[in-house]
Amino acid sequence: SRLPYGSRTAMPQLSSRSLRKPLDGDPATPVVELALNGFIDAANFVTFEKALQKAAAQNLKFLLVNFAEVHYINSSGISALISHNELYRSRGGLLCLAGVAQSVGISMHLLGVTNLIPFTKDLADAHAYVRDYIKGKVPALPSVDDGIGTRAGGGGEGAAGVATARRTIVLKAPGKDGREKGTVMVLTPSKTRFTRILQLRFGRFNGRYHLVHHVGEALHVFDQVYPDLVVVDDRCDPGGEFINRVKIEKERSLTSIIKLYGRGVEVKRAVDFKIWENDYLVDPFETLEFFSLTEAELARVPKDRKVFQQQVHFEFASRPENVEKAYRLCERVIHRGYGDAEGATALYAAVKEGIDNAVVHGNRSSHEKTIDVNFLVDHQKVTVLIEDQGEGFDFEYYLQRVAGKDAFEEAKRRILEAGARGGLGILLMSRCTDRIDYAGSGNILRLEKNLR
């Protein structure tokens, strides 16, 4: 799942939502609509299969699967669709896919799935197709025009054995909103077959493509072309120098960076102090998954640049030297992103307090546990998320205590009379920012300060 504000630093995930509803124009016939969002790959196949099984358990004849937000499907996912399609056909109904993107549907087309399962342009069209199927006006299998050529499916007779008209369904082509276009830079040790494929792929969509081989060269080209997306081979940037120098600079930070790691690298386990890329893949990965990811990022970046000014996401193990490094990084980001010196000082005090609490009270100063910090600067405010790996605490109690106008006097009394210290840090953070919230069990702190 994506982190807040659309930036992901974990492997792509999949979410699903199913809804039982009456068929449009035929309330007597219920259908199941299954909406999916994300990637159907090896890591998420179980989630996908369970979503299909949950839908099938409702024992209805028709399943409409909304693929509009699916960015990739692997062979295992396609196999599950074929299996469940047979289940619905055995019930006298059908499984229908809606809103399949061309980049996702092309692999299914090449495997012949478009001869087995009807594809419709959206859910409304799927409802219309099911209505026509029930009336015997269309076959269970439409013909499909996927941009390569029209491919007939289902023959000329419908479910009732009557002659039916050809019905051509078009896979959803990339929109005109910049998806798959933009400026792409690739940092890799040398030209390979893979880089030639990248050049052809991005060139096909009128994208601008730049291939570089060293960090210094990459930084020079970056400032000339201001890329939307950079693909970084870990062999060129093992210590993260390029990513660090891009992400901490306000003018550069909204460029999306996807890092490619070598076979078997356990990225999360290697964290000591890391400024995160937007996403990563570990070899071996499927080329189609890579292109789905890059094209989704190329669609996102221009939109983010209209709203946001900077994003910096980093993680570090709770060791004293890392904590000091985190302080310096936070101070740099805050003072460069926040024009008002007094406001920047107050926000830095709150962030520093939040990190201290996360290290000491959340992670109990364990060097094995990490702190995750995410800065986001838009045109109205600075937002900071600080997450520890602790068990959390009763944050609602402490937030209520600092909400009153006499909160400081109460805290002072507790310190003087009972020697208590709890809650003073939260009071400090609340006074230095415009908003303070906790999430999860209390191990995620959110601070906001308005830009003035």
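**Salt bridges in the predicted model**

Lysine 259 and aspartate 234 are both buried, where buried denotes a relative accessible area under 20%, exposed over 50% and partly exposed in between (1.4 Å probe, protein chains only). The structure is a predicted model, in which local features need pLDDT of at least 70 and side-chain atom pairs count only at pLDDT 80 or more, whereas totals for chains, interfaces and linings use all residues. Residues are numbered from 1 along each chain as its sequence is written, and side-chain values use heavy atoms, with hydrogens and water left out.

A salt bridge (a side-chain nitrogen of Lys or Arg within 4 Å of a carboxyl oxygen of Asp or Glu) joins the side chains of lysine 259 and aspartate 234, at 3.2 Å from N to O. Lysine 259 belongs to strand 12 and aspartate 234 to the loop between strand 11 (229–233) and helix 7, so this pair ties together parts that are 25 residues apart in sequence. Helices (H or I, at least four residues) and strands (E, at least two) are DSSP runs, numbered from the N terminus.

By this rule, 20 salt bridges are counted. Among them is the contact between arginine 252 and aspartate 223, at 2.8 Å from N to O. Arginine 252 is found in the loop between helix 7 (241–247) and strand 12 (256–261) and aspartate 223 in helix 6 (residues 215–225), so the pair links parts that are 29 residues apart in sequence. Arginine 252 is buried, at 14% relative accessible area, whereas aspartate 223 is exposed, at 52%.

Arg435, Asp437, Arg446 and Glu448 are connected in a network of salt bridges. Within it, the closest N and O atoms of glutamate 448 and arginine 446 are 2.8 Å apart.
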